[in-house]
Amino acid sequence: MKTRILIRLKSGVLDPQGRAVHHALEAMGFAGVDDVRIGKLIELDVSESTTDKELRAMCQQLLANTVIEDFEIERLGSVASENA
Amino acid sequence: MSFKAAVITFPGSNCDRDMAVAIEAVSGEPVTRVWHRDSALPAGLDLIALPGGFSYGDYLRCGAMAAKSPIMRALVAEAHKGVAVLGVCNGFQVLTESGLLPGALMRNQGQRFICRTATLAVANTSSPFTHGFDKGEELRIPVAHHDGNYFADPATLDALEAEDRVAFRYADTAHGSLNGSQRNIAGVLSADGRVLGMMPHPERAIDPVAHPALGSDDGRRIFGNILKALVGA
């Protein structure tokens, strides 16, 4: 089963990378960009029996650093979201 | 006196030899080198050091993979028994990822790798690492990192300050923050004061003959503090 894990910096956390990319977009002449935030997408191919709980544990223990990041787990056809 | 120290090497560590050389130079005792796949540490250690470098190529996040390696389970158990742990640079990142220290090290605010000698102000003077210093005393210690921007939420930062767990702060901030670290934090202690994580590299500032040209031998004093606190030398 294909599963996508979307990892984003928490809203209060400054994103220096996003800010640099924002500046670059403006320097290139793209107007109207209010903010840029950069995260990462992790694709997992897991067995059908993998539970939401197991996926959450993978995110909490390794894939995301919940001090600075939130994660979202997207299973094929269903979306379960968790703000850690 | 007998001082038993171990230095952990992960794939991608590159300051492990320097760390061992520094500890041996100050203590006069051989240091045990431990590989990341080992699951046990030697008995009776006084100090475990996590060196700088790019463990596991900084995959996923700096220190994230190393924090889950077999040797880290043993290290966390030893730390909980009170064995002193020093994590420098990538070692600091590994300590935050392992949960032994709070917060996280993010990409430097200016996006650039910073490699220069930094001025630190001593904040804590009661830990095994800092007891020989005066509060506010300045040290010159090199930094070399891309991800040294210390972040923790305001409640955690307030608690760290209230509990006297900030070991060092960046002091040369007249032209702005060194790397964007919250409250200019350069080093953080565990609640019992026996685990220190710091981005600057004391092991790169230990030789009074070689280092005037490079900036300082203040790092040697941190190792001297450790020795005095742990074995009374």
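Tutor: Start with a pair of strands. In chain B, strand E9 (residues 166-170) and strand E10 (residues 185-189) run antiparallel and are joined by three bridges. Strands here are DSSP runs of E with at least two residues, helices are runs of H or I with at least four, and both are numbered from the N terminus. Two strands count as paired if DSSP finds at least two bridges between them. Within this pair, B:Val166 stands opposite B:Val188 of E10(B).

A word on the source. This is a predicted model, in which local features need pLDDT of at least 70 and side-chain atom pairs count only at pLDDT 80 or more, while totals for chains, interfaces and linings use all residues. Residues are numbered from 1 along each chain as its sequence is written, and chains are lettered from A and ligands numbered from 1 in the order in which they are written.

Now widen the view. E9 and E10 belong to an open sheet of nine strands in chain B, with the order E2-E1-E3-E4-E11-E10-E9-E6-E7 and mixed pairing. At the edges are strand E2 (32-35) and strand E7 (138-145) of chain B, each pairing on one side only. From one strand to the next, the twist averages 25°, with angles taken between N-to-C directions on a scale from 0 to 180 degrees and axes fitted as lines to C-alpha atoms, for helices over the stretch in contact.

Next, look at one residue of E6. B:Val122 lies in this strand, which covers residues 114-122 of chain B. B:Val122 is buried, because 22 other C-beta atoms lie within 10 Å. The cut-off for buried is 20 or more such atoms, exposed means 12 or fewer, and partly exposed is in between, with C-beta atoms placed from the backbone. The C-alpha atom of B:Val122 is 6.7 Å from that of B:Arg169, 47 residues apart along the chain. Beyond four places in sequence, the contacts of B:Val122 include B:Phe133, B:Leu139 and B:Phe168. Contact means that the C-beta atoms, placed from the backbone, lie within 7 Å.

Finish with a helix. Helix H2 (residues 70-80) of chain B has B:Ile71, B:Met72, B:Leu75 and B:Ala79 as its buried residues. They sit on the same side of H2(B), because they cover an arc of only 95° around the axis. That arc is taken from the directions that lead from the helix axis to the C-beta atoms. Among the elements covering these residues are E2 and strand E4 (84-88) of chain B.

Notes
Two residues are in contact if their C-beta atoms, placed from the backbone, lie within 7 Å.
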